[in-house]
Each structure stands twice: as structure tokens, then as C-alpha cells.
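The stops below are given in the order in which they may be selected.

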Amino acid sequence: MGSYLIEPVDRLPFGDEEKARRYATERYRGAVGRNWYESDPTLRFLMRRHLGDGFGWAEPRLRELGALMGGPVARSAEETDRNPPRLEKYDRWGRDVSEVVMPPSFEAARREIVATSFTRPEFVREAKAAGANPVALGVAWSYLLDQADIGMACALGTGGDMVARLAEAFAPDDVKERVRELFAAGAFSGEAAQLLTERSGGSDLGALETTAVRDGDGDGDAWRLDGFKWFASNANGSAFVVLAKPEGAADGVRGIAPFLVLRERRDGTRNGVRIRRLKDKLGTRSVASAEIEFTGAEAFLLAPGSSAGAGGDGKGLARMMELTNGARLGIATMGLGCARRSLVEALCYARAREAFGAPLAEQPLMRRKLAELVVETEAAQALVFDGYLTPLRIGAPLVKLRAARLGVTAASDAIEAHGGNGYIEQWPVARILRDAQVNPIWEGGDNILCLDVRRGIERQDAHEPFLDRVAEAAARAPSGDDATAALVRRRVGDLREAIDVWRGLDKSVAEARLYPLAQYMADVYAAALLLEQAGWERADAGTDRKALVARLYANAHLADRDPLRGIGGPAEDLERFDDLVGGAFTDA
């Protein structure tokens, strides 16, 4: 029995114990409080595969991580969403302090996450010594954190790798040392932010107005920045990479240069970084996003010093963009985390909620939707892990295109599975949908991602290694399901032809066709990876569940549509529903 009080409405004439059992609060246990590693067979499968001999060393740490993310971190995320950061603009004498006050729930979670992060330098060294792939472990860490709070993931990771790398390459020695101190716990320490967006344009970076001038009072390597950034996440960070145009530079993309701005000047005084206001956002409330003004802020050019008089070598933006693939994969992982959490919440609710004499999870239409969620989530999982472990020039935009959008649709499906309860903030899926909606925007919307795919194809023939990887994965399909393997391999050839045809189109038409082309590429990529996983499963365990997932995905995304739209086809999603769900989620 739960801790709630029994009320008169619990004893109405048409009420009975059986009806009351349907809405007994204690029956509705969702994702929070579970061990998210132990309850995720798909993650355990990937860890065994990618960690090899290091799996034995890593698994106890993965179990501890699963308990942390599914317990304290997930609970803190709910509290932080209800009590988000606030801005302390002025002190008692009216002086501008621009301090972001983070809620205790955020700070408590942050301390635990950073202290146990799989990305901290000492952990990476231990993993390598144990023979465990630190990249795979880092992806698992992000995947589990993102199921709890993608806002926290943004706060910890936004721009960290970019700041650390560019500072190490171009900052003065004393500034470089200060950055090393800030990032002693690794790139995911919550100390960084990247400030690109302005009111003049989001993706149109060439239109930015922030201006840098030489600091005449400095020692020769400092600049002064003035300008206004419209959307800056992790505004409470200590080190910002900022795009600006040096005075006298071209007013366009080639005139842009990246600069490092620290919260404090070299002399220890407060730098000219003013927070105008925090954004009142739809979701991701745990990360403080703000409008930031620079007023004579001390800054350091993150570009070759030999051309510093002109504001760098004209390649500052391009150099930064080279680092965005990692950031895009990070957002893709956030989308995957939202999808996975949505799947778990939908499964848990459907098993507990009863209607028309049976649990929702036994109703054929609900089974169809849950099976679809399983298949789509595992396809996105395959894309995300391969995106990190087999880096491809156009892999990151394609993976983000698919996974970020899935986070939104899966959260919407989970709300529908909950019915009206899903639309209520006391239930967990409303926040997941609010949070997930930002993923298609962060690090470039769908159109920007498609344009990046075009750049990769036109300038670097990046489709060639991509197609090679897809063909390689499809070739590793297990025997026994030759029809699915043949379908995917055929589509690899069709995709190559589609790219060739697309390259010959009129420029405007080619741009308009970028979206269906990119979707086709993502479809074939995911299907091939699922076949590869099916081959691994057959070799390791002799089972065929992943082959089922690959078959269902390929039939949904790659098969020719028959006149009956598949209505008379096999019902494997229903016939093998228990296999699908049992291999996706277990009670833990």
C-alpha cells in the first residue's frame, strides 16, 4: 500500500478494489530508481563488443555509473527543472556582478558526475592500461547521463574540448596554464562555453557584429572585445571561446576569428563580461543560457600569431568548425538519451496501466508502437556509437540529423502512451519532450546539417569513405536472413547512384533535394550497422534478436512499398514482441 491517504472517493458505490488497483500510485515505477546500465541489455551488448578484454575491468564501474545516473542524478534533474538557475545581477551597492546562482540540486549532481566522469584524464589512463577503449566508455557515460538530464550534459561539455584545444595551440603561455588548471578534471568539467550566436543571425555567422581591437595597454598579445551574444549556454562558465571580427577585417566569414575570454583578467580583476538576462527556455532549464555582453573584455586570439595583426589567418571559423563534429555527436547522443528514456518510461507505464481488461502492453496497437520505439532507438544507438568509434567526415551531421529528431518523436510517443498523464509535469515524459526539442537546434538544425553533408561531398568526396563503411558493415550480416542483407546491399548501390544523380542537378534543385538525400543516407547507414550488430550477436551468442531488429528496420525504411502498404505482411513485431522488449529493457 502506498503512503497516500484513503479518501471518500475511494469508496464510491461503483468503485471496487480491482478498479482502485489500476491507479495505485506504488504500481507506477518508471525509470528513476533503476540501475540504467543493468536494465539496458543493448548497452551491455555494445560494451562487451567494444571493450574486449577490458570489459571485466569496466563493468563494475559501468554498474556504479548506471546506479548514479538512474538514482541521484535523475532525481536532482527533476528538482533542478522545478528550481532553475537565477541571475544575481547587482550586489547590495548596485554594482554589476552578473552572477549565475545555480540551485543546490544542480551543484550536488555536478560534483558527483565530475568526480566519477569517464572522461576525466586519470580514468582514461586507467581504461587504456586495462585494455578498455576509453572512447566507447565515454560514449556510454554520455548516453547514461543524457537519459537523466541533457541540460547537465550541455553545462558540463559545451565547448570544453574546443576551448582546451584552441587554447593549447594558440594562447599565451600564462593563459594556457590558467586554462589547464580550469580543465584539470577534463573537458567535461563545466568550465567552458562557446559564444557564437548573435541577434544579427544564428547560423549566418558571417553577419556577426562583435568587434575585437588590439589592447594598446597590454603586452602585445591581448585584445579587447565589445559586442553582444544572443544565446550563450553555460553562462556560469569560466572560459569562453568567442567569435568576433578584428577591427579592419573583412565583414564576412573570412573576417571572423575565435578569441578566448576568461571570467577574470590576467591581473585577477573581473573581466568585462556582463550577463543581461537568463533565457526563459522551454526546456533544458538546468543549463544557464543567457544574453552576454562584452564591454572591453580582455581576450586572446586563438589563431596563428604570425597573422595576428589582421586578426588571424582568415581560417579561424573553419578551424573551429573542424571541432564541431564532436559537438554534433554530443547532441546526437542527447537525442538518443531522450529516446531511450522515453522508451523506458513508455514500457514501464504500459506494463502497469490497465484498460479494457488487460495491461496496455498487451494491447496489439500499443505493442506495435512499443516495438517501433525499440527498433528506432536501437538504430539510433548504432549510429551514435559508430559515429564516435568510426569517425567519418559526414557521419556526424547524418547521425545528429537522425538521433536528434528521434528524441523529439520518441518523447511525443511516450506522452501519448501515458495518455493525459503524460501531458502533466508530475509525470516524467513532459520534461523529456521539452528538453528533447532543443536537440534539432543545437549545433545546427536539419538544413544546416544537410548543407554540411553537401560541403563534405563536394569538397572532400566524403561520401566515398562513408559508402565504404556502410558496405563493410552490411557485409558482416549473419547468414540466415539473406533477404534483408540483399536488400541493404542493394540500397547501398542505389544510394551511390542517387548521390551521382544529385551531383548533376541544377544548384537550386540540388539544395532542395539535400534533405531526402541525407535521410536516405541515414536510413542505409543505420540498417547496415544493425546487420553488423546482428553478425556480432550470432557469432558471440548464437541468437538472432538483432537480426530481427535489422529486418524490421530495413523493411520500414528501405523496402519498396507494396500496394497494400505491408498490411498483409508478417507480424514479427507482434509475434516476437517479448524478444524485442526483453532484449531492450529488463527490470533492474
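Buried means under 20% relative accessible area, exposed over 50%, and partly exposed in between, with a 1.4 Å probe and protein chains only. The model is a predicted one, in which local features need pLDDT of at least 70 and side-chain atom pairs count only at pLDDT 80 or more, while totals for chains, interfaces and linings use all residues. Residues are numbered from 1 along each chain as its sequence is written, and side-chain values use heavy atoms, with hydrogens and water left out.

**Stop 1**

Select Asp-173 and Lys-176. Their side chains meet in a salt bridge, with 3.9 Å from N to O; the term denotes a side-chain nitrogen of Lys or Arg within 4 Å of a carboxyl oxygen of Asp or Glu. Both residues belong to helix α9 (residues 173-182) and lie 3 residues apart, about one turn of the helix. Helices (H or I, at least four residues) and strands (E, at least two) are DSSP runs, numbered from the N terminus. Asp-173 counts as exposed because its relative accessibility is 62%, whereas Lys-176, at 13% relative accessible area, is buried.

**Stop 1: a pair between helices**

Next, select Arg-402 and Asp-523, which form a salt bridge whose closest N and O atoms are 2.8 Å apart. This pair links distant parts of the chain, 121 residues apart: Arg-402 is in helix α13 (residues 395-418) and Asp-523 in helix α19 (residues 514-541). Both Arg-402 and Asp-523 are buried.

**Stop 2**

Move to Glu-472 and Arg-476, whose side chains meet in a salt bridge of 3.4 Å, N to O. The structure holds 57 salt bridges.

**Stop 3: a hairpin**

Select strand β1 (residues 86-90) and strand β2 (residues 96-101), which run antiparallel and are joined by 4 bridges; strands pair if DSSP finds at least two bridges between them. Tyr-90 stands opposite Asp-96 in β2. Between the two strands of this hairpin are 5 residues, and Gly-94 in the turn has a positive phi of about 80°.
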